[in-house]
Amino acid sequence: MSEPAVVAEELSRSFGAFVAVDRLSFRVETGEVFGFLGPNGAGKSTAIRMLCGILRPSGGRARVGGFDVGREPDRVKERIGYMSQRFSLYLDLTVAENLRFYAGVYGLTERRWRERAAWAVEMAGLTGQEDRLAKGLAGGWKQRLALGCALLHEPPILFLDEPTSGVDPISRRRFWELIHRLRAGGTTVLVTTHFLDEAEHCDRLVLIYRGRIVALDEPARLKRTALEGTVLEVLCDAGDRAVELLRQEPMVRQVSPFGRSVHVLVDQAEPGAARVRALLDQAGIETEAVVPIEPSLEDVFIHLIEAVDARSAVRGVAG
């Protein structure tokens, strides 16, 4: 049986007294799309930089492509492609010049870089734009060009740090189509995101909050198992008032706005729905529907981070 593409064991990173990543342990199998989901500041980018050999771990260990990130960072870098959160190319160089530069960094032969550059241009949808300055490209094209540069040397493992941040929804969708084409070709992809709809595209997700793992599983299984109880979708004409009112009800375990509806977590569907309707009716809030639904990843994530915050608050009071 082949070694996993990535193995992390108690991986940690501190900056002075601040613990950015706190004992992460997980495995990523070859050919997987593995997502790091969490709010800004959760530790996702720090974890990625350690796995890429850019930051040395403060504790624990990790192997990427069979090499130890702490002892063999240069060997790790030979096996990976990395696309940083911010646009990392040279804006005053053309598309072709950026590709030529990265081909030199990766040590590609003249023949090989021309073949790979032609592939990258076609993949990025930039055919005919080779002489255009990178700073003149739209956001989605810039991201696809950066992806092409990260893949010039055909790495078996690809790290993408918030790759679709700041691009429009259509460009985001096209970028994920590229990710799945890479996966189909055998590339292992690790991607950080705070977009919950993007997280649905991953084979497995690790949810990170305050530098720690709060859940790790397939998206569908997380939605089935992470919540105990039933999520009710409440369609009403005063969502903000409904949220404030329902948060005071002991039968309600969690409530959050969700577009034009409100999601409410209760222990049991029928008595919970009846109580929600009664409370809103008494407050003069007109209700269109109160129906049980499958939890969304947003429901799951809110529930898990609120549970972490609640435990922290209890420890703070006890301390």
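**Close-up views of a predicted model**

**View 1. Helix 9 and helix 10 cross in a right-handed manner.** A crossing counts as right-handed if the near helix is turned clockwise from the far one by less than a right angle, and as left-handed if anticlockwise. The contact (heavy atoms within 4.5 Å) is made by Ala 242, Leu 245 and Leu 246 of helix 9 and by Val 276, Leu 279 and Leu 280 of helix 10. These residues divide into six nonpolar, no polar and no charged. The axes of helix 9 (residues 239-246) and helix 10 (residues 269-282) come within 11 Å and cross at roughly 120°. Axes are lines fitted to C-alpha atoms over the stretch in contact, with angles from 0 to 180 degrees between N-to-C directions.

The model is predicted: local features need pLDDT of at least 70 and side-chain atom pairs pLDDT 80 or more, whereas totals for chains, interfaces and linings use all residues. Residues are numbered from 1 along each chain as its sequence is written, and side-chain values use heavy atoms, without hydrogens and water.

**View 2. The largest cavity has a volume of about 30 Å³.** A cavity is a set of points on a 1 Å grid over the protein atoms alone where a 1.4 Å probe fits but cannot get out, and its lining residues have an atom within 4 Å of a point. Volume is the space filled by probe spheres set on the points, which are joined across faces, edges and corners. Helix 5 (139-150) and helix 6 (169-184) each give two or more residues to the lining. Among the lining residues are Gly 140, Arg 144, Arg 172 and Phe 175.

Conventions
Helix = DSSP H or I, 4+ residues; strand = E, 2+ residues; numbered from the N terminus. Nonpolar A, V, L, I, M, F, W, Y, C, P; charged D, E, K, R; others polar. 1 Å grid on protein atoms, 1.4 Å probe; cavity = no way out; pocket = protein on both sides within 12 Å on 5 of 7 lines; lining within 4 Å.
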